Amino acid sequence: MTPHRFEIIFRQLHLPLCMYALRLCDDTGAADDIVQEAFLAAWQIYKDEGEPTDFKAYMYRCVRNGCITYMSKNRKFDNIDEIPDVSEPEIDTSERDAAVWRAIDRLPAKCRTIFLMSKRDGMPVHDIAEELSLSEQTVKNQISKALHTLRTALDPARKPFFLPFL
């Protein structure tokens, strides 16, 4: 596998793999570390060889195994059967979550900040307005603008998406 091909795959899979790992281990830092370690291990194996038949499935399996190792060290589960196997619905959910976060990242800075304060942090409009020295109507307008932009940015043919912090 060439470094260029590996970089393309990394850019495509990094965020969906992080979303998948986050759902399993419920720790953002650990999820990112697990994904980084999986990519490093994959590079060490495949840098001098060809790409495996289904590299995406291979990476999801590596991340799942990394999450199991992390959770067993941190006593976050009692039985390995509690950890679901990698499946198409799991992969689809991870890719959909990644698309949502990419769309959120593309929002204008002020709009993104207000949206995240409202939806992720659960702050009421009044508190956001007070903290940012804005009118409540401006905050409402920015939240509405963000939701509209997200709906438009995400493929309307897809299944309804889930914002994990809503």
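Buried means under 20% relative accessible area, exposed means over 50%, and partly exposed covers what lies in between, with a 1.4 Å probe and protein chains only. This is a predicted model, where local features need pLDDT of at least 70 and side-chain atom pairs count only at pLDDT 80 or more, while totals for chains, interfaces and linings use all residues. Residues are numbered from 1 along each chain as its sequence is written, and side-chain values use heavy atoms, with hydrogens and water left out.

Figure 1. Helices (H or I, at least four residues) and strands (E, at least two) are DSSP runs, numbered from the N terminus. Reading along the sequence gives α-α-α-α-α-α-α. Of the 166 residues in the chain, 37% are buried. Take the contacts (heavy atoms within 4.5 Å) between residues at least 6 apart in sequence: 66% of them join residues at least 24 apart. The accessible surface comes to about 9800 Å², and 51% of that belongs to carbon and sulfur atoms; these areas come from the Shrake-Rupley method with a 1.4 Å probe, and for residues only the protein chains shown count as cover.

**Figure 2. K56 and E95 form a salt bridge.** The term stands for a side-chain nitrogen of Lys or Arg within 4 Å of a carboxyl oxygen of Asp or Glu. Here the closest N and O atoms are 2.7 Å apart. E95 sits in helix 4 (residues 88–105) and K56 in helix 3 (residues 55–73), so the pair ties together parts that are 39 residues apart in sequence. K56 is partly exposed at 31% relative accessible area, and E95 is partly exposed too, at 25%.

**Figure 3. R11 and E7 pair up within helix 1.** Searching the whole structure turns up 3 salt bridges, and this one has its closest N and O atoms 2.7 Å apart. Both residues belong to helix 1 (residues 3–25), where they are 4 residues apart, about one turn of the helix. R11 is exposed, with 59% relative accessible area, whereas E7 is partly exposed at 37%.

**Figure 4. R120 and D121 meet side chain to side chain in a salt bridge.** The N to O distance is 2.9 Å. R120 is partly exposed, with a relative accessibility of 42%, and D121 is partly exposed with a relative accessible area of 42%.

**Figure 5. Y20 and Y60 make an aromatic pair.** Rings of Phe, Tyr and Trp (its six-membered ring) pair if their centres lie within 6.5 Å; planes under 30 degrees apart count as stacked, over 60 as edge-to-face and the rest as tilted. That rule gives 8 aromatic pairs. In this one, the ring centres are 5.3 Å apart and the planes stand at 65 degrees, so the pair is edge-to-face. It links distant parts of the chain, with Y20 in helix 1 and Y60 in helix 3, 40 residues apart. Y20 is buried at 0% relative accessible area, and Y60 is buried at 0% relative accessibility.

**Figure 6. Y46 and Y58 form another edge-to-face pair.** The rings are 5.4 Å centre to centre, with 90 degrees between the planes. Y46 is in helix 2 (residues 28–46) and Y58 in helix 3, 12 residues apart, and the pair links distant parts of the chain. Y46 is buried at 12% relative accessibility, while Y58 is partly exposed at 23%.
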